[in-house]
Amino acid sequence: QVQLVESGGGLVQVGGSLRLSCIASGRTFRIDTMGWFRQAPGKERQLVASMTRINENTGNTYYRDSVKGRFTISRDKNTIYLQMNNLEFEDTATYYCAWGLGTQLQVKTVTSWGQGTQVTVSS
């Protein structure tokens, strides 16, 4: 099993930036996907961005349409990051790191979840 620990959430104003971090521990398969979901009060959990590990040097990324050009997912060893720039009010949510087998992430296929970190965008 994989354990995920998140950090980096906080309160920012519209147009500001935050960087989320997620440290993974435990053995993982060589072909897997890590990413970030978010869930706002009264709404369903939605995939924000994901990165599939192809090999040690490359991977495929996915971004939700509403965050393209503003968010960047990256990986360094056992840690993944979500750089969030030009934040909007609609980005306010609890953000969850996630891990799953294969090349895609869906809520129903996620194997491991982080504990969640709150992102609040004001004004």
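User: S21: buried or exposed?

Analyst: S21 counts as buried, at 19% relative accessibility. Buried means under 20% relative accessible area, exposed over 50%, and partly exposed in between (1.4 Å probe, protein chains only).

User: What am I looking at, and how is it numbered?

Analyst: This is a predicted model, where local features need pLDDT of at least 70, side-chain atom pairs count only at pLDDT 80 or more, and totals for chains, interfaces and linings use all residues. Numbering runs from 1 along each chain as its sequence is written, and side-chain values use heavy atoms, with hydrogens and water left out.

User: Which strand holds S21?

Analyst: Strand β3, residues 18-25. Strands (E, at least two residues) and helices (H or I, at least four) are DSSP runs, numbered from the N terminus.

User: What does S21 touch?

Analyst: V5, E6, S7, W36, T79, I80 and Y81, leaving aside residues up to four places away in sequence. Contact means heavy atoms within 4.5 Å.

User: Which strands form the open sheet, and in what order?

Analyst: Four strands, ordered β1-β3-β8-β7, with antiparallel pairing. Two strands pair if DSSP finds at least two bridges between them. β1 (3-7) and β7 (71-76) stand at the edges with a single partner strand each, so one side of each has no neighbour in the sheet.

User: How many bridges between β7 and β8?

Analyst: Six, in the antiparallel sense; β8 covers residues 79-84. F71 has M84 in β8 as its bridge partner.

User: New topic. How many aromatic pairs in the whole structure?

Analyst: Two. Rings of Phe, Tyr and Trp (its six-membered ring) pair if their centres lie within 6.5 Å; planes under 30 degrees apart are stacked, over 60 edge-to-face, the rest tilted. F37 and W113 are edge-to-face, at 5.1 Å centre to centre and 65° between the planes.

User: Why does that F37 and W113 pair tie together separate parts?

Analyst: F37 lies in β4 (32-39) and W113 in β10 (112-113), so the pair joins parts 76 residues apart in sequence. F37 is buried at 1%, while W113 is partly exposed at 30%.

User: And Y96 with W113?

Analyst: Their ring centres are 6.2 Å apart and the planes at 85°, so this pair is edge-to-face. Y96 counts as buried, at 16% relative accessibility. Ring pairs link F37, Y96 and W113 into a cluster.

User: Where does the charged end of R45 sit?

Analyst: Over the ring of Y96, 3.8 Å from its centre. The charged end of R45 also sits over the ring of W113, 4.5 Å from its centre. The criterion is NZ of Lys or CZ of Arg within 6 Å of the ring centre and within 35 degrees of the ring normal.
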